[in-house]
Amino acid sequence: MIVMATRKYEQRLRADAAAETRRRILDAVYQRLREAPSEPVSIDRIARMARVARPTVYLIFGSRAGLFEAVGADLLERGGFGRMLQAAAHPDAREALRGGIRGVVEMYAAHRDVLRVLSSMALLDATAVGGAIQRMEQGRAGGMARLAQRLADQEALRADVTPGQAADLLWLLTSFDSFDLLYTGRGLSLEKTATTLITTADRSLCR
């Protein structure tokens with residue numbers, strides 16, 4: 001029994017150490033993106049910043065693309081993706097629209113600087129960064145299509161708006177660029193940015 005308890009304790013310590021190492025590497029990527037947004041992300045530099053050997057990065061994430069996949073997933077988790085999904089699942093489709101857009105804005109605002117760099121890098125480095133961003137965008141597109149169909153099913157859409165047209169407008173309004181044009185470009189607060197996008201969607205799409 002003592003041997004088994006000791007083994008479990010050692011396994012927990014190793015798991016905690018691995019999680020801490022993973023966290024340091026991800027945080028190093030965030031730091032590097034903020035410090036040098038115009039420079040390519042070097043695995044060697046990230047490893048030094050995280051105080052690990054270069055092979056450790058590949059051992060944990062598999063590849064440079066895998067590292068950025070993890071960064072994308074971490075951004076969603078830390079930015080409140082779960083709360084956004086919960087809001088978007090409201091039984092009333094119009095409330096889901098409002099809550100979903102607000103959740104997207106909060107998620108973007110939580111990591112605005114990193115998302116801006118990743119969005120720009122995706123155009124130049126489609127193999128690594130672009131894959132992570134593309135999958136995030138595919139998830140958003142699917143979510144907006146489902147929301148548009150829910151609005152149609154509940155007869156909340158205006159008579160002259162099809163589910164496809166609604167999905168297109170929701171795709172536009174929930175994009176990072178739409179958020180950033182208001183939040184950074186116009187200097188609006190998070191609340192005013194969310195209200196502007198929600199009001200535009202509501203008045204353009206709903207009865």
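A: Let's start with Arg 32: setting aside neighbours within four places in sequence, Arg 32 is in contact with Pro 37, Glu 39, Arg 45, Ile 46 and Met 49. Keep in mind that this is a predicted model. Arg 32 belongs to helix H1, which covers residues 2-35. Is this arginine buried or exposed? With a relative accessible area of 9%, it falls under the 20% cut-off, so Arg 32 counts as buried.

Now follow one of those contacts, Ile 46, across to the next helix. Ile 46 is in helix H2, and its relative accessible area is 0%, so it is buried too. Leaving out residues up to four places away in sequence, Ile 46 touches Ile 25, Ala 28, Val 29, Arg 32 and Val 41. So what about Leu 26, how far is that from Ile 46 in space? The two are 20 residues apart in sequence, with 8.7 Å between their C-alpha atoms.

Stay on H2 and look at Ile 43, another residue of this helix. Ile 43 is buried as well, at a relative accessible area of 6%. Beyond its neighbours within four places in sequence, Ile 43 is in contact with Arg 54, Val 57, Tyr 58, Arg 64 and Leu 67.

A packed pair of helices is described by two things, the angle between the axes and the distance between them. Here, H2 (residues 43-50) and H3 (residues 54-61) have axes that come within 8 Å and cross at roughly 100°. The two helices are therefore roughly perpendicular to each other. On the H2 side, the contact is made by Ile 43, Asp 44 and Ala 47, and H3 brings Arg 54, Val 57 and Tyr 58. By residue type, that contact divides into four nonpolar, no polar and two charged.

In soluble globular proteins, nonpolar side chains tend to be buried together. The largest nonpolar core in this model has 57 residues, and those with the most contacts inside it are Leu 97, Leu 151 and Leu 170. H6, residues 93-110, gives the most to this core, with nine residues. Zoom in on Leu 151: past its neighbours up to four places away, it touches Ala 93, Arg 94, Leu 97, Ala 156, Leu 157, Leu 170 and Cys 206.

Finally, step back to the whole chain. The protein has eleven helices and zero strands, and 41% of its 207 residues are buried. Among contacts with a separation of 6 or more, 69% join residues 24 or more positions apart. The accessible surface comes to about 11,500 Å², with 55% of it belonging to carbon and sulfur atoms.

Technical notes. Residues numbered from 1 in each chain as written. Predicted model: local features only at pLDDT ≥ 70, side-chain atom pairs only at ≥ 80, totals over all residues. Heavy atoms only, no water. Axes fitted to C-alpha atoms, helices over the stretch in contact; angles between N-to-C directions. Helix = DSSP H or I, 4+ residues; strand = E, 2+ residues; numbered from the N terminus. Parallel < 35°, antiparallel > 145°, perpendicular 65-115°, else oblique. Contact = heavy atoms within 4.5 Å. Nonpolar A, V, L, I, M, F, W, Y, C, P; charged D, E, K, R; others polar. Core = buried A, V, L, I, M, F, W, Y, C linked by side-chain atoms within 4.5 Å. Buried < 20%, exposed > 50% of the residue type's maximum accessible area, 1.4 Å probe, protein only. Areas by Shrake-Rupley, 256 points an atom, 1.4 Å probe, with all protein chains shown as cover.
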